[in-house]
Amino acid sequence: MIMATALTYGTVILFGATLLNRFLAFFNQIVMMKYIGPETVGLFQMIYPIYILLLVVATAGIPVALTKRVAEEAARGQWGNVRQMVSTSMVLLALGGVIITGAAAILPQYLFPGLVADRRAESAFWVLIPSIFFICLASGLRAFCQGMQSMEPPSLASMVEQVIRIASGLSLALWLLPRGIAYAAAGIALGITLGELFGLAALLWLSGPFLFQRLKRFWNNKSMPATFGRRFALRSLWPLAYPVASSRIIGCLMLTLDAFLIPRCLQLSGMTLSEATAAFGSLVGGLAPLITIPTVFTIPLSTSLVSGIAESWALRQTEAVRYRTVKALRLTAVIGWPCVGMILLVGDDVASSLFGIQGMSAPLHILTIGAFFLYIYSTTTGILQGMGQVMFPLVVTVITSALRIFLFIYVASLPLFGLKGIALGYTVTNLVTACLHVWWFRGKLGMSGSDLLHLLRPALAAVAMIGTFQIYLQVSSYLGYTSPFLSGLSGLLALLLYLLLLFPLGSLTREDLRTFPGGTLLVGFFRKN
């Protein structure tokens, strides 16, 4: 019970922050797509994967390793060791930030126009460079808090970062748009840099000994002697950090290659450079945010799993790890299936009304088919990191990335497919990755067939939910009358039906409800009624 509550409490804290951040990001995407334009979004996205690659190289997998090591040492009450791990990591991250920031300053002469198809993205790249150092420092502090299972500081700091980023980025982009889309893209980039600066300042204060009880345990005992020195701390971080860094570097290289290939493949399929840039912008700025809405739930779940599973794994509590893994996959399925169904049903209308995207029905449907496996992949990644199993995800990343590139080159470049081929590449990648991860868990943790059925059972309830809402759509279409109120009411009724069906299917239990804040009262209400 305590184990379940700890997992869920951390998830709820992260969920609240992620929900607000995702709402703000969604609003940001709507404004950018409608008022700044998909071509500007596409231009910015051409250099964004390169920027992420630089961040991954600068942090070198240290934050993930630090989260796991802090959780292990905190579980043993070795606060001096926690201090040693954090101080060593912060020095490494600061050094990496300085080196990569300097290296990034000489890259533009090689990137444009060789790697990046459109040279107008260069100014945005320059503006992003200073944020690398800020993010390196913030990632170390965030890892420390997550290892201590204190999710409040990184959650609140991320809210500050997001608010500053969106407010300044949109204002600057709209102000600079009359000068051209290159200036508007630079405005978006400057918003990111300012957001990271203010987010770091907030995190420095929040991670101190002032507010949160879990962190006070460390600060009150920080003078405890460490049982090892910096050299041992570095040696214990490296085996965890380098596979994570390698996997992420490969992943970022693949994203960079995607940004290189997609516009060119779309041009080969018959589009002009401007059309390909706009289509790329619609894909990453409109369709992708739509299908990743459920990651509001799965990302906090994945993040909170790292420290919790690392603690159980360090104490050799294999059954606890299996319990948390099964519960996480079950809750991911509960969230994922209805979202997939609703996007398939009304995703076209949402993309048109919110983002102004037209003629993207086929790519959206293809992406949505693979969306459920994206949500599973998001959750399983956190579990694998918590267990310190990083070589297996690295191999999977290499295999699936090669498969996606193959589909881009030999399918998306054909006039018959175009953007549909790009969507197919992502869907197949998500499917293969999720299946390989689940297959690994079955062998490593001894998960039974009944455990794996939890991934499929919520689909039955989701079919009933979607069917109910589809009946409303058909009736309203036949009568020629609809309203936002009736649509919302029918959606709530369909959702209530879905939740009620989850209990007899075994996909949601009273124990699950009790682990959420206020859940005990909810269970009592159902018992009385």
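Is Cys-252 buried or exposed in this structure? With a relative accessible area of 6%, Cys-252 is buried, a term that stands for under 20% relative accessible area, whereas exposed stands for over 50% and partly exposed for the range in between (1.4 Å probe, protein chains only). The model is predicted, and for this reason local features need pLDDT of at least 70 and side-chain atom pairs count only at pLDDT 80 or more, while totals for chains, interfaces and linings use all residues. Residues are numbered from 1 along each chain as its sequence is written, and side-chain values use heavy atoms, with hydrogens and water left out.

Cys-136 likewise counts as buried, at 0% relative accessibility. The structure holds zero disulfides, a disulfide being a pair of cysteine sulfur atoms within 2.5 Å.

Aromatic rings were examined next. A pair of aromatic rings is described by the distance of the centres and the angle of the planes. Rings of Phe, Tyr and Trp (its six-membered ring) pair if their centres lie within 6.5 Å, and planes under 30 degrees apart count as stacked, over 60 as edge-to-face and the rest as tilted. This rule gives nine aromatic pairs. One of them is the tilted pair of Tyr-48 and Tyr-51, with 5.7 Å from centre to centre and 40 degrees between the planes. Both residues belong to helix H2 (residues 38-59), where Tyr-48 and Tyr-51 are three residues apart, about one turn of the helix; helices here are DSSP runs (H or I, at least four residues), numbered from the N terminus. Tyr-48 is partly exposed, at 22% relative accessible area, while Tyr-51 is buried, at 2%. A further tilted pair is formed by Phe-469 and Tyr-472, because their ring centres are 5.9 Å apart and their planes stand at 40 degrees. These two residues are both buried, and in helix H20 (residues 457-479) Phe-469 and Tyr-472 are three residues apart, or about one helical turn. Ring pairs also link Phe-44, Tyr-48 and Tyr-51 into a cluster.

On the surface, Phe-485, Leu-486, Leu-489, Leu-493, Leu-496 and Leu-500 form a nonpolar patch with about 580 Å² of accessible area together. Patches consist of residues with over 30% relative accessible area and no salt bridge, like charges being joined within 9 Å and nonpolar side chains (Val, Leu, Ile, Met, Phe, Trp, Tyr) within 5 Å; a salt bridge is a side-chain nitrogen of Lys or Arg within 4 Å of a carboxyl oxygen of Asp or Glu. Accessible areas come from the Shrake-Rupley method with a 1.4 Å probe. Leu-489 lies in helix H21 (residues 484-505) and is partly exposed, with a relative accessible area of 40%.

Key:
Helix = DSSP H or I, 4+ residues; strand = E, 2+ residues; numbered from the N terminus.
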